[in-house]
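Please read it with the sequence and the coordinates side by side.

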Amino acid sequence: MKLVLVRHGQSEWNLANLFTGWTDVDLSENGVNEAKSAGRLIKAEGIDFDIAYTSVLKRAIKTCQYILEESDQLWIPMEKSWRLNERHYGALQGLNKAETIQKYGDEQVHIWRRSYNVSPPEMEVEQAKAFLSDRRYKMLDEKLIPITENLELTLKRVMPFYEDHIAPNLRQGKNVLVAAHGNSLRALCKYLENISDEVIPKLEIATGQPIIYELSDKLEVINKKILTEDV
């Protein structure tokens, strides 16, 4: 069976060099093209999906839709979960990355962005209330909604969804697509490849490039392949 992970195409805030996190921003024009390209690559690879999963943020949802449309699989079931959301960047969300580096220094910002277990500053109370009132999250226990996260915390919220939804389908021999975000996918990659805490900060996941895992019956990685479009 195959598990295919795809980071959403470039978003408008990626283009503007802003910290995004749980902020619900759209794809840029280039991001739409990246998502469509991912779908064409998957079609050329001949991968037939049985089910697709994505987050509740539109940049990932639209990426998933474009991939399925371009690979002629728009009809398959698609499920959305907040557990596949991007890592929550706390008080950094909405800030310009270059300006943040100027204010706090490159080393500190690098730690906030890439450290496995160090979180950025927490979101202000008023900002947090806006997330608590969002219809996407109103059904959740308030304690589940983060006000900042590191990769370790992101992994802890992603894994229950993997174990309860993704893994059971894989065990049935189904091919699964997950269109999500840089850090929620890094968390899955860390688990699947048993990447150490020290090495995982160096893992980069490009927008719109499908990562294909071939898995054994025990869901161990047999082969990994990254699809890229010839330039």
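The points below are grouped by topic, and they describe a predicted model.

**Aromatic pairs**

- The count of aromatic pairs in this model comes to six, and one of them joins phenylalanine 19 to tyrosine 89 in a tilted arrangement, with 5.4 Å from centre to centre and 45° between the planes.
- That pair links distant parts of the chain, since phenylalanine 19 belongs to the loop between α1 (12-15) and α2 (29-45), while tyrosine 89 belongs to the loop between β3 (78-80) and α4 (97-104), 70 residues apart.
- Phenylalanine 19 has a relative accessible area of 1% and is therefore buried, and tyrosine 89, at 9% relative accessibility, also counts as buried.
- The rings of tyrosine 53 and phenylalanine 161 have centres 5.3 Å apart and planes at 85°, and because an angle over 60 degrees is the criterion, this pair is edge-to-face.
- Here too the pair links distant parts of the chain, with tyrosine 53 in strand β2 (residues 51-54) and phenylalanine 161 in helix α7 (residues 151-171), 108 residues apart; both tyrosine 53 and phenylalanine 161 are buried.
- One aromatic cluster is formed by Trp22, Trp82 and Tyr137.

**Charges over rings**

- Lysine 97 lies over the face of phenylalanine 19, at 5.6 Å from the ring centre, so that phenylalanine 19 takes part both in this arrangement and in the tilted pair with tyrosine 89.
- Lysine 190 lies over the face of tyrosine 116, in this case at 4.9 Å from the ring centre.

**Surroundings of threonine 207**

- Threonine 207 is found in the loop between α8 (182-193) and β5 (211-215), and its side chain is joined to that of glutamate 34 by a polar contact of 3.0 Å.
- Leaving aside residues up to four places away in sequence, threonine 207 touches Arg7, His8, Gly9, Gln10 and Glu34.

**Helix α3**

- Helix α3 (residues 58-70) has 13 residues, which at 1.5 Å a residue should span 18 Å, and this agrees with the 18 Å between its end C-alpha atoms.
- The buried residues of α3 are Arg59, Ala60, Ile61, Thr63, Cys64, Ile67 and Leu68, and what covers them includes β1 (2-7), α2, β2, β3 and β4 (176-180).
- Just after α3, aspartate 72 takes a positive phi of about 60°.

Note on methods
Residues are numbered from 1 along each chain as its sequence is written. This is a predicted model: local features need pLDDT of at least 70, side-chain atom pairs count only at pLDDT 80 or more; totals for chains, interfaces and linings use all residues. Side-chain values use heavy atoms; hydrogens and water are left out. Rings of Phe, Tyr and Trp (its six-membered ring) pair if their centres lie within 6.5 Å; planes under 30 degrees apart count as stacked, over 60 as edge-to-face and the rest as tilted. Helices (H or I, at least four residues) and strands (E, at least two) are DSSP runs, numbered from the N terminus. Buried means under 20% relative accessible area, exposed over 50%, partly exposed in between (1.4 Å probe, protein chains only). A charge sits over a ring if NZ of Lys or CZ of Arg is within 6 Å of the ring centre and within 35 degrees of the ring normal. A polar contact is a pair of N or O atoms within 3.5 Å; within protein, one must be able to donate a hydrogen and the other to accept it, and residues adjacent in sequence count only if both atoms are side-chain atoms. Contact means heavy atoms within 4.5 Å. The expected span of a helix is 1.5 Å times one less than its number of residues.
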